[in-house]
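Q: Could you take a close look at one part of this model for me, the nonpolar core and the ring contacts that go with it? I'd like the cut-offs spelled out as you go.

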Amino acid sequence: MMKYLYLLACLLPLLAFGRDNPFISTTLADSNTTNIITKLAGFSQTSVNLPSDARELEAVVVVYKSVDGSLKEKRVDIRASFDWRDTIYISRQAMPKNGEVVDVSVTAQGNSTEARAITNLTEGPPLQALATPSQKTPLASADIVAGRINAYANKIVINTPDLLLKSYDKGSRIVMDFEKKSKFLTHSREFGNKTPLRRATVGSHGKFYRVVLELDKKYKYSIRQNSSSYTIWLGK
């Protein structure tokens, strides 16, 4: 009898601390209790303001988690000057479904006035040009896929070597089609309220891309071309 009591006393600690399923390895059992997967919310946009001694952006480093759970880095070189008072935004642009190029209605074909014939692109500003002092520095600028757009008080300069196929106006919008096979997502850039240009939108249309300049009101305009840019003079 004492022998059985002694054996039972030895088995009780094993029963108390034993695992529910002894056939599962201890490594897998531990991972089931500690490897908790948390689904994060989708990223949309974030912003950052740098201190007052910042003058140039050298690079942006993105730290991301890989599919294997390890942390990795992606460095994007910038090397450009900026105003430390500006807010820097990082935003996500969702990829289109099925590999299609997303376009918005502002660059789509629609009812418009007849396209302006591109036959005289060397003319100067309109006779009744907007009265403004001479400006060498743009009041607002933005980069687009096609190139860089500089906005002034009485003109807009699009820096691109691509051939202008046609241009026309739709109310307060000036539409310009440039010849170039391209495939990219439609995107817009805001220009504030310091110049007549409020927004520029660029959309891909296969063999050409379309630039839509949205102004604060309807203007008479003329276009002047040089080797690497187009100047849209705005008049009354």
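**The core and its rings**

A: Let's start at L213: setting aside neighbours within four places in sequence, L213 touches I149, I156, I158, S172, R173, I174, M176, L197, R199, A200 and I232, where contact means heavy atoms within 4.5 Å. Before going further, this is a predicted model, so local features need pLDDT of at least 70 and side-chain atom pairs count only at pLDDT 80 or more, while totals for chains, interfaces and linings use all residues. Numbering runs from 1 along each chain as its sequence is written, and side-chain values use heavy atoms, with hydrogens and water left out.

L213 is one of the residues with the most contacts inside the largest nonpolar core, along with I149, M176 and I232; that core has 27 residues. A nonpolar core here is a set of buried Ala, Val, Leu, Ile, Met, Phe, Trp, Tyr and Cys residues joined through side-chain atoms within 4.5 Å. Buried means under 20% relative accessible area, exposed over 50%, and partly exposed in between (1.4 Å probe, protein chains only). Two or more residues come from each of β5 (140-143), β6 (148-151), β7, β9, β11 (197-204), β12, β13 (220-225) and β14. The top contributor is β12, which gives four residues. For the element names, helices (H or I, at least four residues) and strands (E, at least two) are DSSP runs numbered from the N terminus; the chain has two helices and 14 strands.

Now the rings. Rings of Phe, Tyr and Trp (its six-membered ring) pair if their centres lie within 6.5 Å; planes under 30 degrees apart count as stacked, over 60 as edge-to-face and the rest as tilted. That rule gives two aromatic pairs. One is F178 with Y209, stacked at 5.4 Å centre to centre with 20 degrees between the planes. This pair joins distant parts of the chain, since F178 is in strand β9 (residues 173-182) and Y209 in strand β12 (residues 206-215), 31 residues apart. F178 counts as buried because its relative accessibility is 0%, and Y209 counts as buried at 2%. The other pair is F178 with Y230, edge-to-face at 5.4 Å centre to centre and 65 degrees between the planes. With F178 in strand β9 and Y230 in strand β14 (residues 230-235), the pair ties together parts 52 residues apart in sequence. Both F178 and Y230 are buried, and ring pairs link F178, Y209 and Y230 into a cluster.

Over on strand β7 (residues 155-159) you'll find K155. The charged end of K155 sits over the ring of Y152, 4.8 Å from its centre; the rule asks for NZ of Lys or CZ of Arg within 6 Å of the ring centre and within 35 degrees of the ring normal. K155 counts as buried because its relative accessibility is 17%. Beyond neighbours within four places in sequence, K155 contacts N150, T231, I232 and W233, and I232 is also in contact with L213.

How far to trust this? pLDDT is the predictor's confidence in each residue, from 0 to 100. The chain averages 74, with 65% of the residues scoring at least 70. Confidence is highest in β7, at a mean of 93, and lowest in helix α2 (residues 26-34), at 48. Residues 110-127 also fall below 50, yet this stretch has 37 contacts in the model beyond near neighbours in sequence.
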